[in-house]
Amino acid sequence: MNITYNDRISRQFIAASVIWGIVGMLVGALVALQMAHWQANLGEWLSFGRLRPLHTNAVIFAFVGNMIFAGVYYSSQRLLKVRIPSDRLAQIHFWGWQLIIVAAAITLPLGMTQGKEYAELEWPIDIAIAVVWLLFAFNFFWMIARRNEKHMYVALWFYIATIVAITVLHVVNSLAIPASLSKSYSLFGGVQDALVQWWYGHNAVAFFLTTPILGIMYYFLPKAAERPVFSYRLSIVHFWALVFLYIWAGPHHLLYTALPDWAQTLGMVFSLMLWAPSWGGMLNGLLTLRGAWDRVRKDPVLKFFAAGVTFYGMATFEGPLLSIKSVSGLAHYTDWIIGHVHSGALGWNGFMAAGMFYWLVPRLYGTKLHSTTAANYHFYIGTIGILLYVVAMWVSGITQGLMWRAEAEGGGLLYANFVETLIAILPLYWIRLVGGTLYLVGFVGMAWNLYKTARSGEAVDEQVEVVVRDPKNEQEVPWRELVLGTPVVLTAIVMGLTIAVGFLDFAGSTVFMVLAVSAGLFATLLLWGRRDSDGPSWHRLVEGRGLIFTVLTIVAVLVGGVVEIVPAIVTSPEARKVSENVPYHPLEIEGRDVYLREGCYTCHSQMIRPFLWESARYGAVSRDVDSVFDHPFQWGSKRTGPDLARVGGKYSNLWHYEHMRDPRAIAAGSNMPSYPHLLKRRVDFSEMPSKLRALKRAGVPYSAKQIAASATSAEEAASLIAADLKSDGGVSVAADSHLVALIAFLQRVGKVPSEPVAQGSVFPRAQAVPEGAVPEPAPNPATPEQATLGPIHLKPAAHSPSEDQL
């Protein structure tokens, strides 16, 4: 039978990927400029805090996302020898995804955000993402069901894992209670939200930026090299070990935080174990080029693929390295993490995309690549750009980490003024901008080259003759023998024992040994399986059974998520019952919404780790109860400015007013943008009851009386702050301005409950931790960092407001 593949959908997704890639990188160049030159913040809608989430979403979901869909549709049809079952669903998928991206490009600069990293989009867009993704999944699995090739090649395994995992991750992390069409609050709060968010955030990298690209690597790299994959058995180990281990690693983003120790340990251990399958996949890719290295010198496609796979290996070496506690203590919150992320995004995702585009576009248009020379120039320009970017961020991050903890000879902090660190790394921000711009120039050159290539030919859809498969005539091994076969049973037993050992809280070395043995046995069982002398292996049989393979993949993906997430969620209500913390005042909620809307969380953390140098700089160590009512949590992942976990009551209302109006008047050398628009924007107090009702449904214990009085209480509290500004500094500010609400929130952060905010108020008032209070003992045993600083008895250094705040 002759069939014609639907290649139009791949052409559409490639065009969208290139266009959105340019947009996302342009925004990235602008935010890089804003870090080095604060004057580049071009007003309310084009400030760093608004644009940084737009940059990440555009690069991840628009550029890489469209590239993934192009590669999946093209390769799947050929691997399964069947046309896409529904062209209409494919078109709905394409246009639906583009509309989602446009919605993100509009709402994020407008400040409509949930304030969750890599998941900022509000609930209506989240629902749209789920619907479009499920349509894509339906079309894909329908294609598998109708396939004319029984055996499923390794690339399809990674596509299946991607679809399954992203569905689960997106749905769970996006659970929220809407307060209005443009505002919602995360269903989870505090520690639970932190765990869920980074379970999602890390695995969005794993299952959106890694597994589908690996599938693309396994298809397009052998095609371009005209060589078979180096090792089929290694690909089995690579796949199953990766999808099983990756899902556990999210907590390594939360080391030394208020997250329970058991979760931190799991995250670190599984991250270290990821070294093996990740490098196994890298070697499988590079060794596929055996016998084709002479062509790499001239062929830009192979150059990009070889470099992309190498960057994958380097990024997956650095990731586990950064998950080691002692390394994380130095690197977390610094630019080192930015360099790590971009080595993967630009080197792995970007170069694999370029290689795929240069190989695929000529075939989709029945012509040759317009300019091989230009493509080679693109490779060298892009490589130089990546190296400049990443090395600058490595140096900047290590400099930050060392300066923050540096000890003065007589005790205290050597660099008590936070801005000193920023001034020291400013030249590196300019180098980062140069590197990113070079990469963008190379990418624009690729867009021109692909456009000229398409114009020189015309769109063609490949036609092939296939033998129609009739499943009724195939002899199948009964599904019970596969599902209950020796490899599955033994693997389940080992996984169960591993989980049991982990919860028995044995010594860390024992847990590490058991988990390592488990992963090795898991991969080995799947590698060898049940082998008959005259028949295929167990795994080979499973590769021909789409439903069974998908179910086993779901189990491998879900085990880690269930073990990590469920205990934390179940204990959440009990933690709130015993907490001495109190919910936010209505005005503080509005101020917190302003904090999220302006993207303050992209530059400030709210988590003081158990290091003496952090306590000396910021105050008492953060506890889980401090954020129990935070929906979403705001521990942060980057400190361009200082931590704010104990900023409440530290400065006057007038200080905060001046700081937001002109940061340089408070801290010379700051790169923080000014926020004059906060004086013009007004709070709609009538929305207070709906926001409190939403938070109550999320578990925050507001009473009916508090909800009814919320608007009046917010107005009263705002009037008090406005009056204080007038009396303290002669400043006239509208009581309903966003700035007043933000000041209320900042004055609350890190306080303990006290008397009512005003006479007759139904809301309690928070009280600051006393100035000079001794930091609480660290919840974890002394670390090497603490041991270094302990003997000199660090004391909070005397400071003025201009010395420690951006």
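Visitor: Is His342 buried or exposed?

Guide: This is a predicted model, in which local features need pLDDT of at least 70 and side-chain atom pairs count only at pLDDT 80 or more, while totals for chains, interfaces and linings use all residues. Residues are numbered from 1 along each chain as its sequence is written, and side-chain values use heavy atoms, with hydrogens and water left out. Buried means under 20% relative accessible area, exposed over 50%, and partly exposed in between, with a 1.4 Å probe and protein chains only. His342 has a relative accessible area of 15%, so it is buried.

Visitor: Where is His342 found, and which residues does it touch?

Guide: Helices are DSSP runs of H or I with at least four residues, numbered from the N terminus, and His342 belongs to helix 14, residues 335–364. A contact means heavy atoms within 4.5 Å; leaving aside residues up to four places away in sequence, His342 touches His55, Gly347 and Tyr389. A polar atom of the His342 side chain also lies 2.9 Å from the backbone oxygen of Ile338.

Visitor: Where does helix 7 bend?

Guide: A bend is the angle between axes fitted to the seven residues ending at a residue and the seven starting there, and helix 7 bends by about 25° at Met217. Glu226, which follows helix 7, has a positive phi near 55°.

Technical notes: Helix = DSSP H or I, 4+ residues; strand = E, 2+ residues; numbered from the N terminus. Polar contact = N/O pair within 3.5 Å; in protein donor to acceptor, adjacent residues only side chain to side chain.
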